[in-house]
Every structure is written in structure tokens, then in C-alpha cells.
Amino acid sequence: MTQQSPKTAQDLFALLDRLGIEYKTLEHEPVFTVAESESLRDRIAGAHTKNLFVKDKKDQYFVLTVEENAVVDLKTVHKTIDASSRVSFGKPEKMLEYLGVIPGSVTVFGAINDVGNNVTFVLDSELMKHALINGHPLSNDATTTIGRDDLVRFLEATGHTPLILKVTE
């Protein structure tokens with residue numbers, strides 16, 4: 001089986017358009033950390049996210065999407081997300097294979113590339129209290145704002161039923 005090329009931001013926007021989902025995207029300099037992205041706060045409304053690509057010992061993969069300043073205890077989060085064991089960060093090769101992104105660009109929108117349903121998407125319940133949620137549209141040189149309920153609709157349209165759980169301290 002040949003590996004497909006990962007979908008692009010344009011593919012993502014086309015899917016959102018087909019689903020009738022409103023979104024807004026701001027292009028900016030690439031940002032690799034929450035600290036680097038803080039300069040964008042006054043230009044982008046809504047909750048800003050941090051995404052953790054993790055796996056357990058049975059190679060079950062998860063993307064944990066939380067508010068940017070939230071703390072996730074990697075020693076205990078496996079109990080909440082129903083992983084088989086403690087989690088560790090997933091390897092960049094798997095990130096590219098499953099989500100179509102490289103380190104620094106992990107995003108909930110990577111679900112569009114997970115056609116094999118290899119990843120469970122977990123949205124933090126604290127994050128989901130916000131009406132608007134921001135994430136990278138598959139690369140870290142732009143930020144896309146989407147409504148909370150539309151984010152769930154997008155995930156479901158990609159074949160993923162997100163878990164909405166309290167995974168932060």
C-alpha cells in the first residue's frame with residue numbers, strides 16, 4: 001500500500017467549507033511554543049491550545065488538546081483517557097504518518113490525515129467551556145479559529161468521536 005501525501009491546510013479548509021463550518025485563519029510567523037505564540041493573543045480571539053501527541057505501551061495514540069497554559073500530568077493522565085499504561089510522547093515519524101504534521105505543529109486538525117483511525121482525540125473539558133477554539137491548520141505558520149461545537153462536528157466528519165474529559169490539573 002502506498003503512503004498518501006498528507007492533506008494540506010487547503011484540504012482542511014475545503015472540508016470545513018463542505019461541512020458549512022465557519023472558521024477564520026490568520027497567517028503569521030511560525031511558532032513552535034506557547035511562549036512564542038503569545039504575541040498573537042490580541043489578534044486572535046478565543047482559547048488557544050496546546051496539543052500533546054502521546055502513546056501508551058500498546059501503541060495506542062492520543063492527541064490531548066488543552067488550553068495553552070494548562071498542565072497535564074503525564075504520570076496519571078492514562079487513567080483518565082483509558083490508556084493501557086502510562087503515556088509517553090509519540091515519535092515524530094508516527095506524528096507525520098498519522099497526523100501529517102511535524103513536531104511543533106501538532107493540532108486537533110490533524111484528524112483529517114488520520115484515515116486509519118489510529119489516534120484518539122481528547123478535548124479537555126476545561127477547554128470546551130470556551131466558545132471559540134484555536135489550532136494550527138496543519139502547520140505552525142497560521143492559526144485557525146473554530147467554534148467549540150463545530151470542532152466536534154469536524155472531528156466526527158473525519159471518523160473520530162472525540163473524548164471530552166478533564167485531563168488537566
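Within strand β7, A142 is the bridge partner of E27. The model is a predicted one, so local features are reported only at pLDDT of at least 70 and side-chain atom pairs only at pLDDT 80 or more, whereas totals for chains, interfaces and linings use all residues. Residues are numbered from 1 along each chain as its sequence is written, and side-chain values rest on heavy atoms, with hydrogens and water left out.

Helices (H or I, at least four residues) and strands (E, at least two) are DSSP runs, numbered from the N terminus, and two strands are said to pair if DSSP finds at least two bridges between them. Strands β1 and β7 run antiparallel and are joined by 5 bridges. Strand β7 also pairs with strand β6 (residues 132–135), again in the antiparallel sense, over 4 bridges; here G135 has T144 of β7 as its bridge partner. The hairpin of β6 and β7 has 6 residues between the strands, and in this hairpin L138 takes a positive phi near 80°.

Burial is described by relative accessible area: buried means under 20%, exposed over 50%, and partly exposed in between (1.4 Å probe, protein chains only). In strand β7 (residues 142–147), 6 of the 6 residues are buried, so the strand is largely enclosed by the rest of the structure. Both of its faces are covered, with A142, T144 and I146 buried on one side and T143, T145 and G147 buried on the other.

Turning to the aromatic side chains, the structure holds 4 aromatic pairs. Rings of Phe, Tyr and Trp (its six-membered ring) pair if their centres lie within 6.5 Å; planes under 30 degrees apart count as stacked, over 60 as edge-to-face and the rest as tilted. One of the pairs is stacked, because the rings of F13 and Y23 have centres 5.2 Å apart and planes at 10°. This pair links distant parts of the chain, as F13 sits in helix α1 (residues 9–18) and Y23 in strand β1 (residues 23–27), 10 residues apart. F13 is buried at a relative accessible area of 15%, while Y23, at 25%, is partly exposed.

Y61 and Y98 form an edge-to-face pair, since their ring centres lie 5.2 Å apart and their planes stand at 75°. Here too distant parts of the chain are linked: Y61 belongs to strand β3 (residues 61–67) and Y98 to helix α4 (residues 92–99), 37 residues apart. Y61 is buried, with 5% relative accessibility, and Y98 is buried with a relative accessible area of 11%. Ring pairs also bring in F53, which forms a cluster with Y61 and Y98.
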